[in-house]
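Visitor: I am new to this structure and would like to go through it in steps. Could you take my questions as they come?

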Amino acid sequence: MSEIKDENLKGNERIEADIKALLDAPSDEALAVLLTGIRARMKDNGHLVVAVDAAPGVGESLQVRTVSMNDMKWMVAYTSFDEELKGGESVMSAFTAPIGQILAMITASDELAGVIINPYGGTIKLDKTLSSLILGENK
């Protein structure tokens with residue numbers, strides 16, 4: 001299957017490499033490198049792929065795909081369309097959104113605990129605290 005190219009996703013390979021490095025050798029330094037890399041992509045107008053589902057009901061609207069873990073809802077995002085396809089689920093709608101917008105939504109939400117990036121391998125969970133750090137907020 002050929003990869004769908006999106007200019008806003010170019011450079012996300014760095015995020016994937018930083019996640020792998022953190023998972024291979026967990027340390028505060030590796031986490032700092034990952035967070036700095038995500039912030040750099042954010043400042044460079046980097047995007048992530050966000051899956052959406054139709055909300056039930058008349059006049060269905062779209063809502064971001066979430067997963068529940070320990071009674072908490074986490075938004076799901078991917079570094080590429082290829083990462084999204086690894087789940088093997090039925091065809092879903094997806095779009096790209098700016099990393100900063102995604103993180104701001106997480107920090108402002110009362111319903112979401114954070115975002116899980118690449119849930120099918122090379123996974124990282126960014127909670128509200130980590131999201132705020134990337135955004136440069138002092139919380």
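Visitor: How are α4 and α5 set relative to each other, and why?
Guide: This is a predicted model. In it, the axes of α4 and α5 cross at roughly 135°, and α4 and α5 are therefore oblique to each other. An angle counts as roughly antiparallel only over 145 degrees.

Visitor: Within what distance do those two axes come?
Guide: The axes of α4 and α5 come within 9 Å. The crossing in which α4 passes α5 is left-handed.

Visitor: Which residues make that contact?
Guide: On the α4 side they are Gly100, Leu103, Ala104, Ile106 and Thr107. On the α5 side they are Lys128, Ser131, Ser132, Ile134 and Leu135. Sorted by class, the contact of α4 with α5 has five nonpolar, four polar and one charged residues.

Visitor: What about α1 and α2, at what angle do they cross?
Guide: The axes of α1 and α2 cross at roughly 170° and come within 9 Å. The two helices are therefore roughly antiparallel to each other. The crossing of α1 past α2 is left-handed.

Visitor: And which residues of α1 and α2 make the contact?
Guide: From α1 come Asn12, Arg14, Ile15, Asp18, Ile19 and Leu22. From α2 come Ala30, Leu31, Val33, Leu34, Gly37, Ile38 and Arg41. By class, this contact of α1 with α2 has eight nonpolar, two polar and three charged residues.

Visitor: Stepping back, how many helices and strands does the chain have?
Guide: The chain has five helices and seven strands. Along the sequence they follow the pattern α-α-β-β-β-β-α-β-α-β-β-α. Of the 139 residues in the chain, 40% are buried.

Visitor: What share of the contacts joins residues at least 24 apart?
Guide: That share is 68%, taken among contacts in the chain between residues at least 6 apart in sequence.

Visitor: Now the inside. Which residues touch the most other members of the largest nonpolar core?
Guide: They are Val115 and Leu126, in a core of 24 residues. The elements that each supply at least two residues of this core are α1, α2, β1, β4, α4, β6, β7 and α5. The largest share, five residues, comes from α2. As a general point, nonpolar side chains in soluble globular proteins tend to be buried together.

Visitor: What does leucine 126 touch?
Guide: Leaving out residues up to four places away in sequence, leucine 126 touches Leu35, Ile38, Trp74, Leu103, Gly114, Val115, Ile117, Ser131 and Ile134. Ile38 also belongs to the contact between α1 and α2, while Leu103, Ser131 and Ile134 belong to the contact between α4 and α5.

Visitor: How many residues are in the other core?
Guide: Another core, of six residues, lies apart from the largest one. Leu9, Val76, Tyr78 and Phe81 are among its members.

Visitor: Next, glutamate 83. Is it buried or exposed?
Guide: Glutamate 83 counts as buried, because its relative accessibility is 9% and the limit for buried is under 20%. Its place is in helix α3, residues 81-85. Leaving aside neighbours within four places in sequence, glutamate 83 is in contact with Glu16, Tyr78, Asn118, Tyr120 and Gly121.

Visitor: Asparagine 118 is on that list. Where is it found?
Guide: Asparagine 118 is found in the loop between β6 and β7. Its phi is near 55°, a positive value in a residue other than glycine. At 2% relative accessibility, asparagine 118 counts as buried.

Visitor: And asparagine 45, what is its phi?
Guide: Asparagine 45 has a positive phi of about 60°, although it is not a glycine. It lies in the loop between α2 and β1. Asparagine 45 counts as partly exposed, with a relative accessibility of 44%.

Visitor: Last topic, methionine 69. Which strand is it in, and what does it touch?
Guide: Methionine 69 lies in strand β3, residues 66-69. Not counting residues up to four places away in sequence, methionine 69 touches Trp74, Ile116 and Lys125. Its relative accessible area is 31%, so methionine 69 is partly exposed.

Visitor: How far is methionine 69 from alanine 113 in space?
Guide: Methionine 69 and alanine 113 are 9.4 Å apart, C-alpha to C-alpha, and 44 residues apart in sequence.

Definitions and conventions:
Residues are numbered from 1 along each chain as its sequence is written. This is a predicted model: local features need pLDDT of at least 70, side-chain atom pairs count only at pLDDT 80 or more; totals for chains, interfaces and linings use all residues. Side-chain values use heavy atoms; hydrogens and water are left out. A nonpolar core is a set of buried Ala, Val, Leu, Ile, Met, Phe, Trp, Tyr and Cys residues joined through side-chain atoms within 4.5 Å. Buried means under 20% relative accessible area, exposed over 50%, partly exposed in between (1.4 Å probe, protein chains only). Helices (H or I, at least four residues) and strands (E, at least two) are DSSP runs, numbered from the N terminus. Contact means heavy atoms within 4.5 Å. Axes are lines fitted to C-alpha atoms, for helices over the stretch in contact, and angles run from 0 to 180 degrees between N-to-C directions. Angles under 35 degrees count as roughly parallel, over 145 as roughly antiparallel, 65 to 115 as roughly perpendicular and the rest as oblique. A crossing is left-handed if the near helix is turned anticlockwise from the far one by less than a right angle, and right-handed if clockwise. Ala, Val, Leu, Ile, Met, Phe, Trp, Tyr, Cys and Pro count as nonpolar, Asp, Glu, Lys and Arg as charged, and the others, Gly among them, as polar.
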